[in-house]
Amino acid sequence: MAHQTILEIATPGRGTRDITAAVAEVVRAAGVDCGLAHVFVQHTSCSLLITENADPDVRRDLETVLAGLAPDGDPAWRHDAEGPDDMAAHVRTMLTGSSLSVPVGGARLLLGTWQGIYLYEHRTAPHRRRIVVTVL
């Protein structure tokens with residue numbers, strides 16, 4: 001049996017947002033003792049990460065890396081219909097991913113001690129993002 005919920009998350013603009021508690025609540029509500037939580041974001045300019053949740057410098061450093069790999073307004077980009085961060089956001093999503101899977105045990109996420117699930121907004125303006133959480 002599968003349980004599915006769509007989360008709507010508001011972002012303030014570029015950066016990471018911890019969604020671990022929201023995903024964990026979906027898993028708890030599903031009541032699955034042993035299974036898998038699949039998390040998928042329905043957008044092409046934001047992504048999902050499992051990364052360290054203790055030191056925010058990790059996420060700041062990740063932003064530094066991605067700014068070097070996919071800079072806003074790069075003159076090489078042809079796609080800029082929504083502004084200078086448009087194509088950079090798509091590249092950042094491709095590099096970081098739009099879905100992830102986490103094992104479930106005892107109706108809870110089996111994340112490691114220092115792991116959290118993050119929505120990573122790649123656009124500089126605020127957005128509302130839809131995330132599909134499916135628990136199997």
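Excluding residues up to four places away in sequence, Thr51 touches Val58, Arg59, Trp114, Gln115, Gly116 and Tyr118, contact being defined as heavy atoms within 4.5 Å. The model is predicted, so local features need pLDDT of at least 70 and side-chain atom pairs count only at pLDDT 80 or more, while totals for chains, interfaces and linings use all residues. Residues are numbered from 1 along each chain as its sequence is written, and side-chain values use heavy atoms, with hydrogens and water left out. Thr51 is located in strand E4; helices (H or I, at least four residues) and strands (E, at least two) are DSSP runs numbered from the N terminus. With a relative accessible area of 17%, Thr51 is buried (buried, under 20% relative accessible area; exposed, over 50%; partly exposed, in between; 1.4 Å probe, protein chains only).

E4 belongs to an open sheet of three strands in the order E2-E7-E4, with antiparallel pairing; two strands pair if DSSP finds at least two bridges between them. Strand E2 (15–18) and E4 are the edge strands, each pairing on one side only. From one strand to the next, the twist averages 35 degrees. Four bridges join E2 and E7 in the antiparallel sense, and Gly15 has Glu121 in E7 as its bridge partner.

Two helices lie across strands of this sheet. H2 lies across E2, E4 and E7 and runs at about 135 degrees to E4, whereas H3 lies across E4 and E7 and runs at about 45 degrees to E4. Axes are lines fitted to C-alpha atoms, for helices over the stretch in contact, and angles run from 0 to 180 degrees between N-to-C directions. The buried residues of H3 are Asp86, Ala88, Ala89, Val91, Arg92 and Thr93; the buried residues of this helix pack against strand E4 (46–52), H2 and strand E7 (115–121). Just after H3, Gly97 adopts a positive phi of about 105 degrees.

Met94 also lies in H3 but is exposed, with a relative accessible area of 64%. Together with Val65, Leu69 and Leu95, Met94 forms a nonpolar surface patch with about 420 Å² of accessible area. Helix H2 (57–69) and helix H3 (86–96) each supply at least two residues of this patch. Patches are made of residues with over 30% relative accessible area and no salt bridge, like charges being joined within 9 Å and nonpolar side chains (Val, Leu, Ile, Met, Phe, Trp, Tyr) within 5 Å. A salt bridge is a side-chain nitrogen of Lys or Arg within 4 Å of a carboxyl oxygen of Asp or Glu. Accessible areas come from the Shrake-Rupley method with a 1.4 Å probe; for residues, only the protein chains shown count as cover.
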